[in-house]
Amino acid sequence: MSIQLPPEWIPQSCVMLTWPHEDTDWNYILEDVTKCYIEIAHEIAKRERLLLVCHDEKKLRDLLSDIADKIIFREIETNDTWARDHGPITVFVDGEPYLYDFQFNGWGLKFAANLDNQITRILYASNVFSARTGYFNFLHYVLEGGSIESDGCGTLLTTKECLLSKNRNEHLQQEEVEAFLKDIFGLKRILWLSHGYLAGDDTDSHIDTLARFCGEDTIAYVQCTNKKDEHYKELKAMEDELKTFCMEDGKPYQLVPLPMPEARYEDGLRLPATYANFLIMNGAVLMPTYQCEQDNIAKSRLQKTFPNHEVVGIDCSPLIRQHGSLHCITMQMPKGVL
């Protein structure tokens with residue numbers, strides 16, 4: 001049996017969003033965050049289908065009436081909106097798409113996730129996916145989509161801080177985690193980062209906030225050059241680790257440093273703003289921006305990295321107020337899933 005965990009840049013069927021509502025933690029900034037979601041929804045709809053999990057379908061159809069024909073709506077009760085972590089992870093098994101449904105426990109029991117943990121199987125049961133798309137239940141194992149990065153060729157990039165945390169699968173050691181992931185994802189190897197974090201991050205250092213595959217030979221990562229910044233030591237150590245990583249043929253990766261955005265705070269606490277939390281789509285890269293001078297630097301570097309994509313900046317200042325960003329609220333699904 002052949003299993004492939006595809007990279008994000010292959011052709012896609014759709015992108016999934018789970019829409020914010022007044023019963024989520026967004027309630028105190030619902031108007032601002034809704035504007036951000038609307039902008040993201042429109043950018044997705046320009047290029048591919050949008051699978052939208054929502055609290056009130058009629059309300060959302062009215063709000064998004066100009067792109068409703070590009071949207072597949074599914075009304076499902078939700079705790080929150082982090083589709084990257086409660087949505088399905090797609091693999092190809094002998095060339096056919098399958099949705100993996102892992103347990104989502106609110107990033108280690110930090111937040112309620114009883115409703116979000118049911119979304120993938122409810123979606124699958126709703127017949128939204130093509131007849132050829134299968135489903136595997138891995139609800140005995142805690143895993144979030146934001147914690148793993150695939151090059152599509154058998155290499156997984158991740159962090160020890162997250163995948164080995166005791167609030168996920170506490171009975172498993174690193175070698176057991178590695179063996180399990182290699183088996184279910186058809187991996188040849190796993191590159192483990194021991195360093196790197198963002199203040200204000202609830203995920204225990206998800207890889208999609210720190211370092212991302214941009215191709216089989218390229219990794220973009222968060223670089224901190226300010227020695228007075230609290231992140232400097234850890235991100236410098238992460239950078240040094242990345243420089244030691246090689247592709248399967250022994251060649252080093254091309255590394256693309258992304259700047260640290262200007263520090264943002266709420267109630268005296270730093271927010272986890274990062275440019276690494278971008279989404280690769282059909283013909284475009286949606287990049288979070290934060291209304292600071294580093295936005296243009298990051299956009300320029302990503303544009304050089306993705307010369308055949310349009311890099312689109314979206315102000316994600318509202319998203320980081322709930323400690324996530326653009327990639328965290330989206331989940332892409334490869335061509336053939338719908």
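The legends below accompany close-up views of a predicted model.

**View 1. Helix H1 and its buried residues.** Helix H1 comprises 16 residues, numbered 30–45. From its first C-alpha to its last, the helix reaches 22 Å, which is close to the 22 Å expected at 1.5 Å a residue. Buried positions of H1 include Leu30, Val33, Thr34, Cys36 and Tyr37. Further along the helix, Ile40, Ala41, Glu43, Ile44 and Ala45 are likewise buried. An α-helix has 3.6 residues a turn, so residues three or four places apart point the same way.

**View 2. A salt bridge between Arg212 and Glu8.** The structure holds 19 salt bridges, and one of them joins Arg212 to Glu8, with the closest N and O atoms 3.1 Å apart. Arg212 belongs to strand S11 (residues 211–215), whereas Glu8 lies in the loop between strand S1 (3–4) and strand S2 (12–18), so the pair ties together parts that are 204 residues apart in sequence. Both Arg212 and Glu8 are buried. These two residues also take part in a network of salt bridges that links Glu8, Arg84, Glu149 and Arg212. Side chains of opposite charge can pair when their charged atoms come close.

View 3. The side chains of Glu57 and Arg61 meet in a salt bridge with an N to O distance of 2.9 Å. The two residues are separated by about one helical turn, because they stand four residues apart in helix H2. Glu57 is partly exposed, at 23% relative accessibility. Arg61 also counts as partly exposed, at 38% relative accessibility.

**View 4. Asp56 and a patch of negative charge.** Asp56 is found in the loop between strand S3 (49–54) and helix H2 (57–63). With a relative accessible area of 33%, Asp56 is partly exposed. On the surface, Asp56 gathers with Glu22, Asp23, Glu75 and Glu77 in a patch of negative charge.

View 5. A salt bridge brings together the side chains of Arg321 and Glu266, at 2.5 Å from N to O. Arg321 is located in the loop between H10 and S19 and Glu266 in strand S14 (residues 265–266), so this pair ties together parts that are 55 residues apart in sequence. Arg321 counts as partly exposed, at 25% relative accessibility. His323 is found in the loop between helix H10 (317–320) and strand S19 (330–334). The phi angle of His323 is near 70 degrees, a positive value in a residue other than glycine. His323 is partly exposed, its relative accessible area being 26%.

**View 6. Asn127, a residue with positive phi.** Asn127 occupies the loop between helix H5 (119–125) and strand S7 (134–142). Its phi is near 65 degrees, which is positive although the residue is not glycine. Most residues other than glycine have a negative phi. Asn127 counts as exposed, at 65% relative accessibility, since the cut-off for exposed residues is over 50%.

**View 7. Pro272 and His206.** Pro272 lies in the loop between strand S15 (269–270) and strand S16 (279–281). This proline is buried, with a relative accessible area of 5%. Pro272 and His206 are 66 residues apart in sequence, and their C-alpha atoms are 11 Å apart in space.

Methods:
Residues are numbered from 1 along each chain as its sequence is written. This is a predicted model: local features need pLDDT of at least 70, side-chain atom pairs count only at pLDDT 80 or more; totals for chains, interfaces and linings use all residues. Side-chain values use heavy atoms; hydrogens and water are left out. The expected span of a helix is 1.5 Å times one less than its number of residues. Buried means under 20% relative accessible area, exposed over 50%, partly exposed in between (1.4 Å probe, protein chains only). Patches are made of residues with over 30% relative accessible area and no salt bridge: like charges are joined within 9 Å, nonpolar side chains (Val, Leu, Ile, Met, Phe, Trp, Tyr) within 5 Å. Accessible areas come from the Shrake-Rupley method with a 1.4 Å probe; for residues, only the protein chains shown count as cover. A salt bridge is a side-chain nitrogen of Lys or Arg within 4 Å of a carboxyl oxygen of Asp or Glu. Lys and Arg count as positive and Asp and Glu as negative; His and the chain ends are not counted. The place of a charge is taken as NZ of Lys, CZ of Arg, CG of Asp or CD of Glu.
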